[in-house]
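Let's take a friendly walk through this structure, with a look at its aromatic rings and at one helix crossing. Have the sequence and the model open as you read.

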Amino acid sequence: MDQTPWHHRRLAEDKQRRNDHRSPYQRDRARILHSAAFRRLQAKTQVLGIGMNDFYRTRLTHSLEVGQIGTGIRAQLKQKHPEHDQLLDSMSLIESICLAHDIGHPPFGHGGEVALNYMMRKHGGFEGNGQTFRILSRLEPYTEYYGMNLCRRTLLGILKYPAPYSLLHRELPFSEVSRFRQLKPSEWPPVKGLFDDDLEVLNWVLDPLSEADKGRFLSHQLVDESKHRRTQYKSFDCSIMELADDIAYAVHDLEDAIVMGIVSREQWTNDVETQLKESQDDWIRNEFSTIGERLFSSKHHLRKDAIGTLVNGFVTAISITEVDGFSEPLLKFNAALEGPFDAALNTLKLFVYQYVIRKPEIQMLEYKGQQIVMELFEAFISDPERLLPTNTQARWIEAKDQGLNCHRVIADYISGMTDEFAARLHQHLFSPKSGSMIELNREL
């Protein structure tokens, strides 16, 4: 087996399993697929709330679609760029990263993320991508202390924002709220980065890099005076995952919205079709002038054909570009959309955001989830050794005895909950008519 440092795991393994000839990345893929954290995605909100309909996507089906699109991008790039064959040597690697990319997202979507970030505002913050890294490398009980113990390159590929909270956080001019119901998500945006609690793991992941590459990779900038600092770079594998995620969000979440009647043909014509008919690319100009007829058709097979056409259009418009200033090939190259297709994808993302994400009915669900998460956190922090489940209590006590960040233990516990579990636990704690706690006796 190739012992490149990118194949290394934090905990050395010597599993003498019978006739096991899998590659390191095939092992990673299996660990992710069989993890409890991955299964819980089936009951976590993607865009539309769990229970609204039996058709739309959850975080689990979204992650499966990102995996499929990611491997499609990898196949296209392998054919387009034979000179980069070594960078694209593993389909299982790309699929692993895509499948795992949302594992850290809490219940109730962005509402849950903002809620946890607010409750952790003095204790290192909270952000879904940072929690994904933490679950993979520390929390998921495949090992006792090393999470899933994935390969170094797999963990590098997960790093969408490769810098710690302490380097990115800025004190923004917003006051703490006197009541949870007054909290505005726009005033408490999460820091897009890793938690300082996990710096040891980040340093291990980046250990093979030169000091120059490491410094550049960790660099950040201030893009907007009203926001936190942002990282600037991502690895080659991560760039594929991020494109697959954006395509799935823009196209497949659009499909859900069309089927459920959330967006109309008129809105599509005004906000997407009219704009993309002016594209500099012939394919975009021609396709988007007619694709609305199939997207909004009452015949399901026509809509599915249109969705497939859109995904294929974006996937086949991706190429490998060079990133200045790096010597390590995994950082020196990124996958990128051609200019007109990048603009078209952004148009679709904006359309979904404006007419789906910002729809008052969806925002009400987010708001409700936001309240549930904050009230659960407040309850647990009031008396953790009384209210937390046994295993989580033990983690709390250990963190307290070692002088570590105890609040992170509660954030870990709540962020792992499904939407339904969090709602039922909230009802059990605060409703006088709740049922037996035995039904909720589950420990993360």
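Helices here are DSSP runs of H or I with at least four residues, and they are numbered from the N terminus. Phe 351 and Tyr 355 both sit in helix α17, four residues apart, or about one turn of the helix. A word on the source: this is a predicted model, in which local features need pLDDT of at least 70 and side-chain atom pairs count only at pLDDT 80 or more, while totals for chains, interfaces and linings use all residues. Residues are numbered from 1 along each chain as its sequence is written, and side-chain values use heavy atoms, with hydrogens and water left out.

**The aromatic rings**

Rings of Phe, Tyr and Trp (its six-membered ring) pair if their centres lie within 6.5 Å; planes under 30 degrees apart count as stacked, over 60 as edge-to-face and the rest as tilted. How many aromatic pairs does a search of the whole structure find? There are ten. Two of the pairs involve Phe 351:

| Pair | Centre to centre | Angle between planes | Kind |
|---|---|---|---|
| Trp 268 and Phe 351 | 5.9 Å | 85 degrees | edge-to-face |
| Phe 351 and Tyr 355 | 5.1 Å | 55 degrees | tilted |

Because Trp 268 belongs to helix α12 (residues 265-276) and Phe 351 to helix α17 (residues 339-357), their pair ties together parts that are 83 residues apart in sequence. Are these residues buried (under 20% relative accessible area) or exposed (over 50%), with partly exposed in between, using a 1.4 Å probe and protein chains only? Trp 268 is buried at 0% relative accessibility, and Phe 351 is buried at 2%. Tyr 355 is buried too. One aromatic cluster takes in Trp 268, Phe 288, Phe 296, Phe 351 and Tyr 355.

**A helix crossing**

Helix α6 (residues 128-139) packs against helix α21 (residues 406-415) at about 100 degrees, with their axes 12 Å apart. Axes are lines fitted to C-alpha atoms, for helices over the stretch in contact, and angles run from 0 to 180 degrees between N-to-C directions. Contact means heavy atoms within 4.5 Å; here Gln 131, Arg 134 and Leu 139 of α6 meet Arg 408, Asp 412 and Ser 415 of α21.

**A loop lysine**

Lys 122 lies in the loop between α5 (109-119) and α6. This lysine is exposed, at 60% relative accessible area. The C-alpha atoms of Lys 122 and His 407 are 9.4 Å apart, although 285 residues separate them along the chain.

Terms used:
Helices (H or I, at least four residues) and strands (E, at least two) are DSSP runs, numbered from the N terminus.
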